[in-house]
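Subject: A structure for you to look at

Dear colleague,

I am passing on a structure that I would like you to open alongside this message. Please keep it in view while you read the notes that follow it.

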Amino acid sequence: MTSPTKTSQAAFGIRQNLLRPADSERTHRVAYIELFFDLIFILALTQLSRFLYDNQSLAGALESAVLVLAFWWVWIYTTWVTNWLDPVRLPVRSVIIGLSLIGLVMSTSIYESFGDRALVFALAYVTLQLGRTGFMVLALARHDRALHRTFVRMLVWLSVAGVFWVLGALLPFEFRLPLWGVALAIEYLSASLGFRVPGMGRSTTDDWEVSGPHIAERSALFVIIALGESFLVTGFAFVEQSITVDGALGLLLAFASGVAMWWLYFDHGERVGSRAIASSPAPGRIARLAYTYVHAIIIAGIVLSSVADKEVLKHPDAAVSLATAVTLVGGPVLYLVGLVLFRWVVARDLLISHLAGVAALLVLFGLAFPLSPLVLAAMTTAVLACVVGWETILRVRTGTDEPVAG
């Protein structure tokens, strides 16, 4: 959204104003083309889960973290773009379809991104990041001077990071993880520094006028997609094996864990973010912290939990290894920590129930190794269910229609 005072007289750029109209039904609405873009990430998340499951080591965990953070960055940057641009306009819709195609190439190369398809992955990632940002530079040049300068700065930083992505794919394997880690650090840190560029200054949160309802709904929909991906991974693992009592119990536990995660995010807390952005004098700051950074932790927790569910189905009675304990306990821990940080950023509300759940899960981690994966999964699910009960009782007693209840 923009205002006439921000209109620039730039000699280049797209003449048509592609920004979302103010005070319109399209101002905050999530368009179907945005959901089409999200479909690509169902494949991406399944491949991420597959990669992490098959690489349960310290190196595998670090590589998985790089991939999760990279794909989250692609998705959240595109979400910010469609927060400003009007997806019903043909140029914007065409660009989103093009980004979806590149995202499909990325998704199909995830599993071998640290193998034979490293260059395909890196080139697709860099092309998507630079192409989307370059389009924003052209789309904003004549219509929003402040936001245009922000995306010019962003393009500079993403170009620098792109060098490290491509070098990491071209150089021998041992350089890949550190170089891609540097690339991610550049991208994440540059955003936190306002994309400061010598001679151009930095962006401020005043430049980031966002639609709270739109970005909150988009993020919530991605959480749904991630939860759906976890059921997809679990379902495929279940149908590939013979039906047994342990397998049926593992499937039920995966479902119960997914329900608990859905409840903790959507029962009441999801609405808090939209209200907080709408009422904040600095909506860009809240949106950047709560949705750009904190939601990455929430999504990582869901992905790790899907790996844990598959492990329980495949080896319900095996001895609990360190890797198994980390996945079974780490997924719920990351998820609860993400929710705690989210509610603190948007509402300064400290969720004692969630912190108690994190403490209980950490205790379970210390007790995990004499147990079987199936028993440990039952205990972690029970912890999540207790947090759900605690939070729901508190919400009901406080009042569901009370804004401060969030």
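Trp 390 has its place in helix α13, where helices are DSSP runs of H or I with at least four residues, numbered from the N terminus. Please bear in mind that this is a predicted model, in which local features need pLDDT of at least 70 and side-chain atom pairs count only at pLDDT 80 or more, while totals for chains, interfaces and linings use all residues. Residues are numbered from 1 along each chain as its sequence is written, and side-chain values use heavy atoms, with hydrogens and water left out.

With a relative accessible area of 42%, Trp 390 is partly exposed, a term that lies between buried (under 20%) and exposed (over 50%), using a 1.4 Å probe and protein chains only.

I then turned to the salt bridges, each being a side-chain nitrogen of Lys or Arg within 4 Å of a carboxyl oxygen of Asp or Glu; a search of the whole structure finds eight. In one of them, the side chains of Glu 34 and Arg 20 meet at 3.2 Å, N to O. Glu 34 lies in helix α1 and Arg 20 in the segment before α1, so this pair ties together parts that are 14 residues apart in sequence.

Another salt bridge joins Asp 349 and Arg 343, at 3.1 Å from N to O. Here Asp 349 counts as partly exposed, at 22% relative accessibility, whereas Arg 343 counts as buried, at 5%.

How values were computed. Helix = DSSP H or I, 4+ residues; strand = E, 2+ residues; numbered from the N terminus.
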